[in-house]
Amino acid sequence: SVVGEVCATDNDEPETIHTRLRYSILEQSPAPPTLFTMHPTTGVITTTSSQLDRELIDKYQLKIKVQDMDGQHFGLQTTATCIITIGDVNDNLPTFTRTVSLDYEVQHQVTLQIGVANEAPYTREASARSPTSTATVTVTVKNLDEGPECIPPIQTVRIRENAPAGTRNDGYRAYDPETKSSSGI
């Protein structure tokens, strides 16, 4: 895809080798993989990959060189910086932060306010009514017997080397979420 075009001018006599310019990218930051290329005579910058992801890197900086004398090593040159800002597209699916939202031990009832509206915009100008209709729903959470939980889920248990067989260690602990106790487990 075309990203853009850079343009340089040379004040020497037009239509001579002194005004034949060659463009090139010297450096890309952040560094590789190389994601952009530049046409040597037109200065058009294009993408070389579809790996652009705004959520990972939202801006690239290119150090660009333009050289006269058709790009020969003895030609005069200058550099410039080109900043490419990556635009956002809807390329990430929504995800729930919690997959379970009901727990009797945390909350016995949950009250929801549910709203509904037409997809098309509401056009009645004189009406004082809201274009959204709402209803209140109360959810009563039932208590279920959950299994034990390990809090924290990763625990360190230490035992001395060469401990005799049958040595008891109170290391790893689990708790009943209803009683917050480890007795009976």
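Let's start in a loop: Glu 15 sits between strand S1 (2-5) and strand S2, where strands are DSSP runs of E with at least two residues, helices are runs of H or I with at least four, and both are numbered from the N terminus. Glu 15 isn't a glycine, yet its phi is positive, about 60°. At 77% relative accessibility, Glu 15 counts as exposed; here exposed means over 50% relative accessible area, buried under 20% and partly exposed in between, with a 1.4 Å probe and protein chains only.

Before going on, a word on what you're looking at: this is a predicted model, in which local features need pLDDT of at least 70, side-chain atom pairs count only at pLDDT 80 or more, and totals for chains, interfaces and linings use all residues. Residues are numbered from 1 along each chain as its sequence is written, and side-chain values use heavy atoms, with hydrogens and water left out.

Now step back to the whole protein. You'll find eight strands and zero helices. The C-alpha trace spans about 95 × 85 × 20 Å along its principal axes. The radius of gyration is 33 Å, whereas a compact globule of 185 residues would have one near 16 Å; the radius is taken over C-alpha atoms, and the globule rule is 2.2 Å times the number of residues to the power 0.38. Of the 185 residues, 15% count as buried.

The chain is divided into domain 1 (2-85), domain 2 (89-144) and domain 3 (145-184), with bounds that come from an automatic or database domain assignment. Between the C-alpha centres of domain 1 and domain 2 there are 51 Å.

Back to the loops. Asp 70, between strand S5 (59-67) and strand S6 (77-85), also has a positive phi, near 60°, without being a glycine. Its relative accessibility is 28%, so Asp 70 counts as partly exposed.

What kind of peptide bond joins Ser 29 and Pro 30? It's a cis bond, with omega about -5°, and Pro 30 lies in the loop between strand S2 (22-29) and strand S3 (36-38). Pro 33 is found in the loop between S2 and S3 too, and a cis bond joins Pro 32 to Pro 33, with omega about 15°. As background, most peptide bonds are trans, and most residues other than glycine have a negative phi.

Last stop: Pro 153, in the segment after strand S8 (133-140). Pro 153 is exposed, at 63% relative accessible area. Its C-alpha atom is 8.9 Å from that of Ala 174, a residue 21 positions away along the chain.
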